[in-house]
Amino acid sequence: MIAKMRRLIVLWLALIPLGICAQEVKIAIVNQSEIFNAMPEISEVETKLATLNEQYEKDLKVMTDEYQRKYADYIAQQDSLTENIKLRRQQDIQDLDTRIQNYVPSARQDMERQAKELYAPIQEKVQNAIKAVGDEKGYAVILDPQVLLYVGSTAVDATPFVKAKLGLK
């Protein structure tokens, strides 16, 4: 009796993987960049970032113009200046150069931070829509085709479903 039970358990354990493999695993692909770029909020974010970038460029131009003007004035007048004034102007020019050198990476970091903050809600919205479509359609996995090396014919393109979920065309 115990031997029969063992055989039955072994047989049952051997058949479990076959039952799992027999089930259809639904795999879908979603082109996130296509969806992301179709979001209406993207143009607003890009406008804000372009405006911020223009302001940084304008500020940098003001500083570099001031630097060039002060440097040109210093070169033109250096022979007639007293040593004390000459040193003070050299220090002013050096301080302005340091400000410019510090401004560029600081502005770049702020642009990256702003972009991250502005894009985050849009990315979250897209991710939530992808998850909702995956749950509704019963997909086991949803992948982005830009990262894959091969996509078989049984994979479903869920991009239109996600776009519909987000109200996009």
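User: What makes Glu-44 count as partly exposed?

Analyst: First, the basis: this is a predicted model in which local features need pLDDT of at least 70 and side-chain atom pairs count only at pLDDT 80 or more, while totals for chains, interfaces and linings use all residues. Residues are numbered from 1 along each chain as its sequence is written, and side-chain values use heavy atoms, with hydrogens and water left out. Glu-44 has a relative accessible area of 48%. Buried means under 20%, exposed over 50%, and partly exposed in between (1.4 Å probe, protein chains only), so Glu-44 is partly exposed.

User: Why are Glu-44 and Lys-48 said to meet in a salt bridge?

Analyst: The N to O distance between the side chains of Glu-44 and Lys-48 is 3.5 Å. A salt bridge requires a side-chain nitrogen of Lys or Arg within 4 Å of a carboxyl oxygen of Asp or Glu, so the pair qualifies. The two residues are 4 apart in helix H3, about one helical turn; helices (H or I, at least four residues) and strands (E, at least two) are DSSP runs, numbered from the N terminus. Lys-48, at 43%, is partly exposed.

User: What is the distance in the salt bridge of Asp-65 with Lys-61, and in that of Lys-70 with Glu-66?

Analyst: The closest N and O atoms of Asp-65 and Lys-61 are 3.0 Å apart. For Lys-70 and Glu-66 the value is 3.3 Å, N to O. Asp-65 and Lys-61 are 4 residues apart in helix H3, and Lys-70 and Glu-66 are also separated by 4 residues in helix H3. The structure holds 10 salt bridges.

User: How do you know that Asp-144 has no salt bridge?

Analyst: The nearest side chain of opposite charge, Lys-163, is 13 Å away. Lys and Arg count as positive and Asp and Glu as negative, with His and the chain ends not counted.

User: What makes a polar contact of the pair Asp-144 and Gln-32?

Analyst: Their side chains are 3.5 Å apart. A polar contact is a pair of N or O atoms within 3.5 Å; within protein, one must be able to donate a hydrogen and the other to accept it, and residues adjacent in sequence count only if both atoms are side-chain atoms. The pair is therefore listed as a polar contact. Asp-144 lies in the loop between strand E2 (141-143) and strand E3 (156-157).
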